[in-house]
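Biologist: Could you put the model up, so that we can go through it together? I would like to start with the backbone and then move on to the helices.

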Amino acid sequence: MLEYKNTLDFAQQKDANDPLKLYRGKFYIPVINGIETIYFTGNSLGLQPKSTKNYIDKELDAWKNWGVEGHFLADKPWFKYHEFLTDKTARIVGALPSEVVVTHSLTTNLHLLMVSFYRPTSSRYKIVCEKKAFPSDQYALESQVKFHGFDPKDALIEVEPRAGEHIIRDEDVIEIINKHGDEIAMVMIGGVNYYTGQLFDIKEITKAGHKVGATVGWDLAHAAGNIKLKLHDWNIDFAAWCSYKYLNSSPGGVSGMFVHQRHEFNPDLPRFAGWWGYDKATRFLMEPGFIPMKGAEGWQLSNAPILGMAAHLAALDIFDEIGMDKLCEKRDDLTAYMEFVIETISERCKEICTLEIITPKDKTKRGAQLSILAHGLGKNLFDYITEKGVIADWREPNVIRIAPVPLYNSYVDVYRFGQILEEGIKSVKK
Ligand SMILES: *Cc1c(COP(=O)(O)O)cnc(C)c1O
């Protein structure tokens, strides 16, 4: 393996040899205060593909030209617009086409799925989740538990890192699942933790949940488009993810939903229904009595927000062209380079500050994100790098989250980030 070097020359050479190098030019890189930013927050809001505008303009034109008839006469008829996203979505998350649908927003979808898959009884009502889950997930879980008349303090079992550690061990999740066994109704965890960037062992945790008779669902907000997923093979019950992080599909963009094929014909699953989940062959007869579409489409409530769907389709086409394999290959190398640069700087600056990467070192346990604890320095360092054009993410008390995204970040981005970080460490007040 090529040894990494913290030099501009090396980074430029890596970029020149990058098989995905042309893709950076397909995105808009924000320029703020006249500086082209070094954008490492694709884990929060992915950048805009230059093609997105055309996809949206096309639907605006169809609306202009056809009005309501666009549902049938538009190039991509709106009444089935979501179908144009299905195969591409299925390939990204490793699902059968019938197992996925793009619809609603993420937290909404989590609730809709929990209506079907969190079905507590008086003895089996607990949920295993991660401690410090993304706040929306915490609220969603808490409110689901309360909705069924249980006390979140009793019903939510939060798995946390061991004392002195930052990462939750998969074995600890599995042990807790086994320990509580038939009290557990559902396991629901973020596939990649938003704070530490750790990737859970989705397959083994799912297996453990099923063994004790629980349903197992995953929030894949930080995993979709970042990690190679095999949702069908891993046999998970359900999942949802947003499209605006690694999937670059516009702020607040539409969400994806997965329901395993095992559940597609189950008429006993309760669900909240709306007309877009109704069997498409007879939907417009508008008869009373809900007959769901087979598969994930049966969880749709509303007709699709076409402009947001168009933005998503633009990004999905880029993913489809590259494929997750190539993307993950570059992701591993770019992230490892970032790790190398940070470790080099930490070593050089250790008199002032050490940078501790809390994200797992093992590249099979992480995606593009690295979370760095800046020991000895606080927000001043973050403010410094922001002023110099680095867009990263700060979490109190002293964690910097950065995601070198393989689609559009370059090795030179990483090198330049390192230079700015080092200047910052040497110049900011503690
Ligand atoms: C980003 C994110 C969300 C955001 O939910 P929205 O409904 O899209 O606002 C929820 N959960 C996790 C784990 C996230 O990372």
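**Backbone and packing**

Modeller: I would begin with N33, which lies in the loop between β1 (31-32) and β2 (35-36); helices (H or I, at least four residues) and strands (E, at least two) are DSSP runs, numbered from the N terminus. This is a predicted model, in which local features need pLDDT of at least 70 and side-chain atom pairs count only at pLDDT 80 or more, while totals for chains, interfaces and linings use all residues. Residues are numbered from 1 along each chain as its sequence is written, and side-chain values use heavy atoms, with hydrogens and water left out.

Biologist: OK, and what is the phi of N33?

Modeller: N33 has a positive phi of about 50°, although it is not a glycine. As background, most residues other than glycine have a negative phi, and most peptide bonds are trans.

Biologist: Is N33 buried or exposed?

Modeller: N33 is exposed, at a relative accessible area of 76%; exposed means over 50%, buried under 20% and partly exposed in between, with a 1.4 Å probe and protein chains only.

Biologist: What about H104, where is that found?

Modeller: H104 is in the loop between β4 (100-102) and α5. Its phi is also positive, near 55°, in a residue other than glycine, but H104 counts as buried, with 17% relative accessibility.

Biologist: Which residues does a cis peptide bond join?

Modeller: The cis bond is between E396 and P397, with omega about 5°, and P397 sits in the loop between β14 and β15.

Biologist: Switching to α5, then: how many of its residues are buried?

Modeller: Nine of the 12 residues of α5 are buried, which leaves the helix mostly covered. The helix runs over residues 106-117 and reaches 16 Å from first to last C-alpha, close to the 16 Å expected at 1.5 Å a residue, where the expected span is 1.5 Å times one less than the number of residues. Its buried residues include L110, L113 and F117, and the buried set packs against α6 (135-147), β7 (184-190), β8 (215-219), β9 (238-242) and β10 (255-259), contact meaning heavy atoms within 4.5 Å.

Biologist: And which residues of α13 are buried?

Modeller: In α13 (residues 379-387) they are L381, F382, Y384 and I385. They cover an arc of only 160° around the axis, which puts them on the same side of α13; the arc is that of the directions from the helix axis to the C-beta atoms. In general, an α-helix has 3.6 residues a turn, so residues three or four places apart point the same way.

Biologist: What do the buried residues of α13 pack against?

Modeller: Their partners are β12 (370-375), β13 (390-391), β14 (393-395), β15 (399-402) and α14 (411-427). After α13 comes G389, which has a positive phi near 100°.

Biologist: You mentioned α14; how many of its residues are buried?

Modeller: For α14 the count is 12 of 17, so this helix is largely enclosed by the rest of the structure. Among them are Y411, F417 and I425.

Biologist: How do the axes of α8 and α9 cross?

Modeller: The axes of α8 (residues 170-180) and α9 (residues 202-211) come within 9 Å and cross at roughly 5°. Axes are lines fitted to C-alpha atoms, for helices over the stretch in contact, and angles run from 0 to 180 degrees between N-to-C directions. The two helices are therefore roughly parallel to each other, a label for angles under 35 degrees. The contact is made by D170, V173, I174 and I177 of α8 with E204, I205, A208 and G209 of α9.

Biologist: Last one, where is V128 placed?

Modeller: V128 is in strand β5 (residues 126-130) and is buried, with a relative accessible area of 0%. Its C-alpha is separated by 8.0 Å from that of I176, 48 residues apart along the chain. Leaving aside neighbours within four places in sequence, the contacts of V128 include I157, I176 and M186.

Notes
Parallel < 35°, antiparallel > 145°, perpendicular 65-115°, else oblique.
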